[in-house]
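Keep the model in view as you read.

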Amino acid sequence: MAASGAKAGGGKGTDSPVAGPELFSKVSVGRMSEVIVEKIRELMREGQLKPGDRLPPERELCERFGVSRVTMREALRMLESAGLVDIRVGARGGAFVTAPTSNRVGEGLADLLTLSVISASNVTEVRMILEVGIVPLVCERATEDDLARLEKICERAEEALRAGDYTMDMSLEFHTAVAQATHNPALEMLVESFRGPILMSLEEAREVAPEMGGRGTEEHEQFIEAVRRRDADAAARVMRQHLTRTARRVQH
């Protein structure tokens, strides 16, 4: 078993726990690098490799897996691209296990949207299900700090509208903060991973309706008022109306 690791990125060099060599054994089927990557993923899922753990040196990994250095390096590059390991150079370097972030997931979704694999309309349908669905949790769990943060976002949006420099990032910031008000890390991560696609769909909607922002900000404020009253039905109506208008614009 690997020694317990620090949090992702925790520890530097030789201070980080090194995963036990007995975790790694020879592979002999399929494309070797892909088999190695899947083995590392499996060890992470089982908790035998934890964020902060350092993998054994490259030479030892080659011996354990029974592969060449070229194959091992390809596997490590694949793991790094997937956000599963952090490769550090130097005397205190090596391959360190990390925790994948929602940003990486969001980048992949944004690529799919760019390549037209998914559409802005698809994204808005998901938002309708997700963002209306979380309203009861927001009304139940939102704190005064959460409400104050949402109000400040609206204030900055109003200032930007008056100055003529409103951007769709402000709308995205509001919706992300709403998800955070659920105080459910899984929901926060899910919405966070959708940041790229949501922003791209909002930009597409704005091409149809350049005036976007003013009415949306008013609805954001109405939503805050409903949440402050703990009126989940009213808050859900506002959110549904708000997202429905965006959906019509991207369908157009």
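A salt bridge is a side-chain nitrogen of Lys or Arg within 4 Å of a carboxyl oxygen of Asp or Glu. This model is predicted: local features need pLDDT of at least 70, side-chain atom pairs count only at pLDDT 80 or more, and totals for chains, interfaces and linings use all residues. Residues are numbered from 1 along each chain as its sequence is written, and side-chain values use heavy atoms, leaving out hydrogens and water.

Q: How far apart are the closest N and O atoms of R228 and E151?
A: R228 sits in helix α11 and E151 in helix α7, 77 residues apart. Helices are DSSP runs of H or I with at least four residues, numbered from the N terminus. The two side chains form a salt bridge, with a closest N and O separation of 2.8 Å.

Q: Is E151 buried, partly exposed or exposed?
A: Buried means under 20% relative accessible area, exposed over 50%, and partly exposed in between (1.4 Å probe, protein chains only). E151 has 31% relative accessibility, so E151 counts as partly exposed.

Q: Which helices does the pair of E58 and R69 tie together?
A: E58 forms a salt bridge with R69, the closest N and O atoms being 3.7 Å apart. The partners are 11 residues apart in sequence. E58 lies in residues 58–65 and R69 in residues 69–81, so the pair ties together α2 and α3.

Q: Which residues are linked with E58 in a network of salt bridges?
A: E58 is partly exposed, at 22% relative accessible area. Its network of salt bridges takes in R69 and R73.

Notes
Helices (H or I, at least four residues) and strands (E, at least two) are DSSP runs, numbered from the N terminus.
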